[in-house]
Amino acid sequence: MSRTWVAIPMYNESTMIGAVIADVLRDFSHVVCIDDGSSDASAAAARAAGAYVVRHPVNLGQGASLQTAFDFALLDPLMTEVLTFDADGQHQVDDARGMVAKLRSEHLDIVVGSRFLDDRTTLARSKRAVLRTAAFYTRVSTGMALTDAHNGLRVLDRSLVEKIHLSQNRMAHASELIEQVGHLKATWAEYPTHIVYSDYSRSKGQSLLNSINILVELLFR
């Protein structure tokens, strides 16, 4: 029996999280939201929409939220993979479904989403350049020729989730995760994903400055 847990870190997402969960639940029946010290009604909205909620009493960052979600999902003996999904509506459930199918059919340890495998995602030239630089850094440090190392849509097999231990709480966690995947010699593939940048998601930090912060954290962690 296969069971996917969808892990959604959230911080002050009360206006969007209900719709995101409703969309996810059409394909995946097990969703856990990590409320990372929100000051709004995110936790109540997530529970009302049908998700399990684990709360951090203070804001720790997305890396810490993902590690909490991994630990929570591992409590379920029937969990077979964990899908990481953003709370701001930029990820597409159709892509997530295809990634899980690929992981299972090809017996992979991880499938990572990529904005650069097709032309559906619109990116500013400056943001594209920063993300390419981050991917190059990851390629050098891990030997994994990823095109998009900081895509938050990814699915990990249970055996890999058991071995991942994130210590980078904030944006550098994405590179830390991929570095651990590389060191573990895990089997991997990329999958084309459509990231939708709305005014709302941009207001939540999907900006060029956020991308530059990724590079700063990588260099000085």
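Hi everyone, let's start with contacts, meaning heavy atoms within 4.5 Å. In this protein, residues 24 or more positions apart account for 75% of the contacts with a separation of 6 or more.

A quick word on the model: it is predicted, so local features need pLDDT of at least 70 and side-chain atom pairs count only at pLDDT 80 or more, while totals for chains, interfaces and linings use all residues. Residues are numbered from 1 along each chain as its sequence is written, and side-chain values use heavy atoms, with hydrogens and water left out.

Overall, the protein has 9 helices and 7 strands. Those are DSSP runs numbered from the N terminus: helices are H or I with at least four residues, strands are E with at least two. Of the 221 residues, 54% are buried, which means under 20% relative accessible area, with a 1.4 Å probe and protein chains only.

Now find strand β4, residues 81-84. E81 and L83 point one way, V82 and T84 point the other way, and all are buried. Which strands pair with β4? Pairing takes at least two DSSP bridges. Strand β1, residues 4-10, runs parallel to β4 and is joined by 4 bridges; there, W5 has V82 as its bridge partner. Strand β6, residues 154-157, pairs with β4 in the antiparallel sense, also over 4 bridges, and L83 stands opposite V155.

Finally, look at helix α3, residues 62-73. Is α3 mostly covered or mostly open? Mostly covered: 9 of its 12 residues are buried, among them L66 and F70.

How values were computed:
Buried means under 20% relative accessible area, exposed over 50%, partly exposed in between (1.4 Å probe, protein chains only). The expected span of a helix is 1.5 Å times one less than its number of residues.
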